[in-house]
Amino acid sequence: MPTFKMRYLLTALVPLAVAGCVSTEDQRAADQEKCASYGYRPGSNSFADCMRDQDEQRADDQRRTMNDLERQDRRDRKRRNDLQSTASPSVIDDRPQYDKDGNPNFDTQGNYIGCHGIGCQVDNPDADDNN
């Protein structure tokens, strides 16, 4: 089950709770007042359009809130996965980090460059020992 941060949960629940506290009749009365304040007369086509627009706006706001929460949840999951994949590598690099003189065996990008100093010899298992 995905875990949500508390603020995201509150962001989703507060509008729903506020909407849940207002009865359908109270919401309708508020919408009617708003449409009347725009100058539309009850019973006119313009008033009906305004009432529909209020309802659609409320639905769009809820949809937008849920989409934002889902997008944030996907982003959080991706970040967690990225952190987990970089935090614990599956293979431990057992190559020495420094040669015997204290020179690094890796370049600044983390690529192994090995021992390249004077007098530094590397055993070659393919070399012919019969020289």
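Reader: Is Cys 50 buried or exposed?

Author: Buried means under 20% relative accessible area, exposed over 50%, and partly exposed in between, using a 1.4 Å probe and protein chains only. Cys 50 has 5% relative accessibility, so Cys 50 counts as buried. A word on the source: this is a predicted model, where local features need pLDDT of at least 70, side-chain atom pairs count only at pLDDT 80 or more, and totals for chains, interfaces and linings use all residues. Residues are numbered from 1 along each chain as its sequence is written, and side-chain values use heavy atoms, with hydrogens and water left out.

Reader: Which residue forms a disulfide with Cys 50?

Author: In general, a disulfide is a covalent bond between the sulfur atoms of two cysteines. The cut-off here is a pair of cysteine sulfur atoms within 2.5 Å. Cys 35 is the partner, with the two sulfur atoms 2.0 Å apart. The link of Cys 35 and Cys 50 is left-handed, at -90 degrees about the S-S bond. Cys 35 lies in helix 2 (residues 24-37) and Cys 50 in helix 3 (residues 45-87), so the pair ties together parts 15 residues apart in sequence. Cys 35 is buried too, at a relative accessible area of 0%.

Reader: How many helices and strands does the protein have?

Author: Helices (H or I, at least four residues) and strands (E, at least two) are DSSP runs, numbered from the N terminus. This protein has three helices and zero strands. After helix 2 comes Gly 39, with a positive phi near 100 degrees.

Reader: What share of the residues counts as buried?

Author: Of the 131 residues, 12% count as buried.
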